[in-house]
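Colleague: Could you please take a single part of this model and describe it closely for a reader who is new to it?

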Amino acid sequence: MTTPEHPPRAPKSTPRDREVIAHLIAAPDQQTAAEWLGITDRHLRRRVDSIMRRFGAETTLQMVVMATVYGDVNPKAVPANTPAFALLTEAFERRGSASGSP
């Protein structure tokens, strides 16, 4: 039974699972996340389906929320060694220079 004193156990996730989830958070769509991860869309869908089953999630959003609640990922932190970080940094720099900020 799940009670506030005994919350459900977090499913086991691998470092790759956490990387996939972090890229899903940062990417504008799953196709871009797959490109950043260097895998096909189909491989990403299979990976996401597997993670969702382990988390008991019905949607990708539920999986992301659950991973955040369980502490598997921090949606505010995109690892610096990922393409997502480089692209986000570049986008913010362009945005800053377009607005006239130093």
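Modeller: The model is predicted, so local features need pLDDT of at least 70 and side-chain atom pairs pLDDT 80 or more, while totals for chains, interfaces and linings use all residues. Residues are numbered from 1 along each chain, and side-chain values use heavy atoms, without hydrogens or water.

Tyr-70 belongs to the 1 aromatic pair of the structure (ring centres within 6.5 Å; planes under 30 degrees apart are stacked, over 60 edge-to-face, the rest tilted). Its partner is Phe-55: the ring centres are 5.9 Å apart and the planes stand at 40°, so the pair is tilted. Phe-55 lies in helix 3 (residues 41-55), whereas Tyr-70 sits in the loop between helix 4 (60-69) and helix 5 (83-98), so the pair ties together parts 15 residues apart in sequence (helices are DSSP runs of H or I, at least four residues, numbered from the N terminus). With a relative accessibility of 5%, Phe-55 counts as buried.

Helix 4 itself has Met-63, Val-64 and Ala-67 buried. Viewed down the helix axis, these residues fall within an arc of 100° (taken from the directions to the C-beta atoms), so they line one face of helix 4. Their cover includes helix 1 (15-26) and helix 3, where contact means heavy atoms within 4.5 Å. On the face turned away from this buried side, helix 4 carries the exposed residues Leu-61 and Val-69. Gly-71, which follows helix 4, has a positive phi, near 85°.

Definitions and conventions
Rings of Phe, Tyr and Trp (its six-membered ring) pair if their centres lie within 6.5 Å; planes under 30 degrees apart count as stacked, over 60 as edge-to-face and the rest as tilted. Helices (H or I, at least four residues) and strands (E, at least two) are DSSP runs, numbered from the N terminus. Buried means under 20% relative accessible area, exposed over 50%, partly exposed in between (1.4 Å probe, protein chains only).
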